[in-house]
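Biologist: I would like to learn how to read the features of a model like this one. Please give the general idea each time, then the case at hand.

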Amino acid sequence: MHVRCLTNAKAYDPCRYLATRYRLPLNPMSDLIQPLAEKLVIYDLHTYTPDQKITDEHKNAIATLKLIADGTLRLPSGGIEPQGTGGTGAQSTDRDREMTPDKLSGFI
């Protein structure tokens, strides 16, 4: 199976989770994604209530995709993370201070 053909599989599209952190299509495809996508489709193909094993695998696959979307779990290869802002936190520009020890000599 190819993940591209799985994108039509109802709402459990693995790409919607991956797109939050990676540019798609992934090239090369990570070995982690294919089994997750298969578990989602196997669950979706059941016309009746799936057995507990299939349901548990589906829940675990969704949880893993959410971890990838959060950035908690990173793909070992494939895909390029979108560019960030370049900063690592809050940034400020320094300017001349209005309140200096010389100007506040009577207050300090």
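Modeller: Helices (H or I, at least four residues) and strands (E, at least two) are DSSP runs, numbered from the N terminus. In this structure, Pro 14 lies in helix 2, and Cys 15 lies in helix 2 (residues 14–18) too. The model is predicted, with local features needing pLDDT of at least 70 and side-chain atom pairs counting only at pLDDT 80 or more, while totals for chains, interfaces and linings use all residues. Residues are numbered from 1 along each chain as its sequence is written, and side-chain values use heavy atoms, with hydrogens and water left out.

Biologist: How many helices and strands does the protein chain have?

Modeller: The protein chain has four helices and zero strands. Read from the N terminus, its elements run α-α-α-α.

Biologist: Is Pro 14 buried or exposed?

Modeller: Buried means under 20% relative accessible area, exposed means over 50%, and partly exposed is in between (1.4 Å probe, protein chains only). Pro 14 has a relative accessible area of 2%, so it is buried. Cys 15 is buried as well, because its relative accessible area is 18%. Across the protein chain, buried residues make up 27% of the 108 residues.

Biologist: How do I read separation in sequence against separation in space?

Modeller: Take pairs of C-alpha atoms. Pro 14 and Ile 62 are 48 residues apart in sequence, with 8.4 Å between their C-alpha atoms. For Cys 15 and Pro 25, 10 residues apart along the chain, the C-alpha separation is 8.5 Å. For the chain overall, contact means heavy atoms within 4.5 Å. Among contacts between residues at least 6 apart in sequence, 71% join residues at least 24 apart.

Biologist: How is the packing of two helices described?

Modeller: Two packed helices are described by the angle between their axes and the distance between the axes. Axes are lines fitted to C-alpha atoms, for helices over the stretch in contact, and angles run from 0 to 180 degrees between N-to-C directions. Helix 3 (residues 33–45) and helix 4 (residues 52–70) pack at about 135°, their axes 9 Å apart. That angle makes helix 3 oblique to helix 4; angles under 35 degrees count as roughly parallel, over 145 as roughly antiparallel, 65 to 115 as roughly perpendicular and the rest as oblique.

Biologist: Which residues make the contact?

Modeller: Helix 3 contributes residues including Leu 36, Lys 39, Leu 40 and Tyr 43, and helix 4 contributes residues including Thr 55, Ala 61 and Ile 62.

Biologist: What is in contact with Ala 61, leaving aside its neighbours within four places in sequence?

Modeller: With those neighbours left aside, Ala 61 is in contact with Leu 36, Lys 39 and Leu 40. Ala 61 and Leu 36 are 25 residues apart in sequence and 5.3 Å apart, C-alpha to C-alpha. Ala 61 is buried, because its relative accessible area is 1%.

Biologist: And Thr 55: buried or exposed?

Modeller: Thr 55 counts as buried because its relative accessibility is 16%. Leaving aside neighbours within four places in sequence, Thr 55 is in contact with Tyr 43 and Pro 50.
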